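Colleague: I am new to this structure and would like to learn how to read it. Could you show it to me and take me through some features?

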Amino acid sequence: MLFHIFSSQEERRKFGGTCFIEMQYCTLAQGTKLEEIVSVDAIENWKDNSLYIHGDDIDKFILHYGEIFTGGIYNNRKSGMIDVYGINYYSQEKTLLILKRIEEMKRVEYQVLLSWLEKSKENNGFYVLGL
């Protein structure tokens, strides 16, 4: 299983400790400055409604989704390929493009990812938080 959803952080710790990439909704208000959105201080890890990718599955995730998750904004406000060790922020506009590509490409376990990303429309985009 590539994507994991846990009912509690205790369940996550029992499954794999802290060796996860966390996909997390950005709950900061619309209009928040980009430097605040990608600030380390804005991130609170280990949310119960996050989607997790175990460290052992990072290569598989990059193989299937790396080309889709490009253009995220890093902590230094640059962007590029997904940074599996840092902050990657995707705006609502970028999220819509990602959703479209996932629907078109139908990669491994895409339904789980699609369902989770649909809920990000209610927020200010989402993060992919590296190890």
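This is a predicted model: local features need pLDDT of at least 70, side-chain atom pairs count only at pLDDT 80 or more; totals for chains, interfaces and linings use all residues.

Colleague: How do I read the sides of a helix, and which residues of helix 1 are buried?

Modeller: An α-helix has 3.6 residues a turn, so residues three or four places apart point the same way. Helices here are DSSP runs of H or I with at least four residues, and strands are runs of E with at least two, numbered from the N terminus. Buried means under 20% relative accessible area, exposed over 50%, and partly exposed in between, with a 1.4 Å probe and protein chains only. In helix 1 (residues 9-16), the buried ones are Q9, R12 and G16. They fall within an arc of 60 degrees seen down the axis, so they line one face of helix 1; the arc is taken from the directions from the helix axis to the C-beta atoms. Strand 1 and strand 2 are among what covers them.

Colleague: What is the nearest side chain of opposite charge to the buried R12?

Modeller: Side chains of opposite charge can pair when their charged atoms come close. A salt bridge here is a side-chain nitrogen of Lys or Arg within 4 Å of a carboxyl oxygen of Asp or Glu. For R12 that nearest side chain is E22, 6.9 Å away, and R12 has no salt bridge.

Colleague: Where do E67 and R107 lie?

Modeller: E67 forms a salt bridge with R107, their closest N and O atoms being 3.2 Å apart. E67 is in the loop between helix 3 and strand 3 (72-73) and R107 in the loop between helix 4 and helix 5, so the pair ties together parts 40 residues apart in sequence. A salt-bridge network links E67, R101 and R107.

Colleague: And how many disulfides are found?

Modeller: A disulfide is a covalent bond between the sulfur atoms of two cysteines. With the cut-off of cysteine sulfur atoms within 2.5 Å, the whole structure has zero disulfides. C19 is partly exposed, at 33% relative accessible area, while C26 is buried at 0%.

Conventions:
Residues are numbered from 1 along each chain as its sequence is written. Side-chain values use heavy atoms; hydrogens and water are left out. Contact means heavy atoms within 4.5 Å. Lys and Arg count as positive and Asp and Glu as negative; His and the chain ends are not counted.
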